[in-house]
Number of protein chains: 2
Amino acid sequence: MPQLRKDPILKQWVIVSPERGKRPGDFQNMNAMPPDDPEKCPFCEGHEKLTPPETMAFRKSGTSPNEPGWWVRIIPDRDPILIPSGNSGRVGIGMFDAMNSIGIHEVLVEVPNHDQTLQSVSPNQVREVVWAFKQRLLEIKKNPRFKHFMIVKNSGRGVSSYSHSHSHIVATPIIPKRIEEELDGAREYFHYHDRCIFCDIVRQEQANPVRVIYQDAFFIAFCPFASRFPFEMMVTPILHQPFFEAIDSDHVTGFAAVLQSLLKRMEKLLTNIPYNFILHTSPISETCRDFFHWHLEIIPKLTQVAGFEWGSGFYINPLPPEDAAKYLRES
Amino acid sequence: MPQLRKDPILKQWVIVSPERGKRPGDFQNMNAMPPDDPEKCPFCEGHEKLTPPETMAFRKSGTSPNEPGWWVRIIPDRDPILIPSGNSGRVGIGMFDAMNSIGIHEVLVEVPNHDQTLQSVSPNQVREVVWAFKQRLLEIKKNPRFKHFMIVKNSGRGVSSYSHSHSHIVATPIIPKRIEEELDGAREYFHYHDRCIFCDIVRQEQANPVRVIYQDAFFIAFCPFASRFPFEMMVTPILHQPFFEAIDSDHVTGFAAVLQSLLKRMEKLLTNIPYNFILHTSPISETCRDFFHWHLEIIPKLTQVAGFEWGSGFYINPLPPEDAAKYLRES
């Protein structure tokens, strides 16, 4: 079973998930992907038997679970980094802290066909994906054991093991370090200013829109002032909204449209670029609702993250976000 | 000029260093390395005129600066991310903070010949490299404008632009986030326990040496309990020592021997593996001397860091550090 271990200095949790029977040299080929064979793809419609039983699906009336007929399908990950059942097993190992890797790790298959992408499908299909994110988060959040929830997409060869368009839904018993840092920063700002820092950033970007890619009445997309990566993007609601999963029906449509538009712009500038997106929603605690504001980060995978960044937390970005925003606006 | 920008939420500084005249597509080829042509290598002995003038070198008596005859040579980086002169230019841009990217960014050429590596050279040459790290840090630390100092090595194709063995010496006007986090964690532990957390980790690893790769009277090398990456290694002095640059002559020899031994073990297990190492020494402030303890991290570049890690700070390591240490001990 995977184990959660805490770095005592950095207070960072790491999932140690042993891949049994591997020899050292095998780790060098970890990025070697299996051939992209749609015949063997477990995510294609018609191959439902190749995955664990689905936990949720949007499917045509009259079709049965784990049969064809769906347009969005959620399944437990086959090699989960977190396991839904069992006790938390919190334990001290000498001065170190560990616990069982309890949590949810599911895959959301975004399209039934192997060659479809979030860029190529109809706006309505993207809307259905966003709606599924919302519905599944609402369901998972009922479990009081989990403290944090996120949606992560790794797209592209070398980034994901599967080329079929999908994302991950992850619920964890601890708040991951990066989120804890966002909470700390946002809380501190709120204590000082009595305002949400995300709301202030939105107003700042609107006042001098050099980094804005797109905005409408409800959403704004921009390249952050201190972007770590070229073409890094953030999308967030203009009005304060801590919980993504509280998004209402109209805004699901609007958010899906912004998301697809950004991915299309990125695709036009950077053909076949691998990318990640990650959705940050407020932890379940009600205490964060005044100062946390949900947002989505999109990061094209262009640059290698070298030792400098890993060792120092000091990122070097060769493209000013103002230039990135201009390219993205115009594409 | 590169600019330092602060993320207002995460309080993370990013260097925005525009590469002029680049088109979006150019960023996709950033990892395409120039061909490895020793004839054009600026770091080879005899090619001194291809670099900016040296700031320090260990060279045979009777030879002149920027001529052959050296065995370790330090030069300013040709495309520095930090510039040594000018004012700090601290400025508020609306709610955001920025400053000029003032600092030192130098390259330490570790060997005169193109094909030598820290694994292949004599133990005495590695000792000279470590001695040069110490001497140059002592010199750079005299400048009161800089708050933090680190030594970073990016080795291997896809990790470094140059294959000739070298490392970077970087001095910054701010303390990078990762170091600030180490300081915070170590300070908090010290306040609670009145002991250095690094000293306690050393004692813990010695008491149950499942993660220990090597130790002698002065140094210990181990795979950290919460290793983020397979075969991640840490080397640190067994006795409390905040400042690497205060290392004395005998210990330079010992540290060089441990460093070379670890790199050789890694090379044996993982042929031609790209890797990084980073040396963390205490910031200049005397207030950290009780709780900060210098250390070197070595990270082979095996796994892709995917969106999950970037977005969450939540690392997934497929190799338990106990297994990694066993492989490294036995190789």
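In chain A of this predicted model, residues 24 or more positions apart account for 67% of the contacts with a separation of 6 or more, two residues being in contact if their C-beta atoms, placed from the backbone, lie within 7 Å. As the model is predicted, local features need pLDDT of at least 70 and side-chain atom pairs count only at pLDDT 80 or more, whereas totals for chains, interfaces and linings use all residues. Residues are numbered from 1 along each chain as its sequence is written, and chains are lettered from A and ligands numbered from 1 in the order in which they are written.

Chain A contains seven helices and 15 strands; helices (H or I, at least four residues) and strands (E, at least two) are DSSP runs, numbered from the N terminus. The C-alpha trace of chain A spans about 55 × 55 × 40 Å along its principal axes. The radius of gyration of chain A, taken over C-alpha atoms, is 20 Å, in agreement with the value near 20 Å for a compact globule of 331 residues (2.2 Å times the number of residues to the power 0.38). Of the 331 residues in chain A, 47% are buried, that is, have 20 or more other C-beta atoms within 10 Å of their own, with C-beta atoms placed from the backbone.

Chain A is superposed on chain B by a rotation of 180° with 0.0 Å of shift along its axis (RMSD 0.0 Å). This is the relation of a two-fold axis. The superposition is by least squares on the C-alpha atoms of residues with pLDDT of at least 70 in both copies.

Between the chains, 77 residues of chain A are in contact with 77 residues of chain B. Helix H3 (residues 177–193) of chain A gives the most to the side of chain A that touches chain B, with seven residues. That side comprises 44 nonpolar, 20 polar and 13 charged residues, where Ala, Val, Leu, Ile, Met, Phe, Trp, Tyr, Cys and Pro count as nonpolar, Asp, Glu, Lys and Arg as charged, and the others, Gly among them, as polar. The copies meet through the same surface, because 100% of the interface residues of chain A are also interface residues in chain B.

Strand S15 (residues 315–317) of chain A runs parallel to strand S2 (residues 13–16) of chain B and is joined to S2(B) by three bridges; strands pair if DSSP finds at least two bridges between them. A:Tyr315 has B:Val14 as its bridge partner in S2(B).

In helix H7 (residues 321–330) of chain A, the buried residues are A:Pro321, A:Ala324, A:Ala325, A:Tyr327 and A:Leu328. These residues lie on the same side of H7(A), because they cover an arc of only 160° around the axis, taken from the directions from the helix axis to the C-beta atoms. The buried residues of H7(A) pack against strand S10 (212–215), strand S11 (219–222) and helix H5 (249–269) of chain A, together with helix H1 (24–28) of chain B.

Key:
A residue is buried if 20 or more other C-beta atoms lie within 10 Å of its own, exposed if 12 or fewer, and partly exposed in between; C-beta atoms are placed from the backbone.
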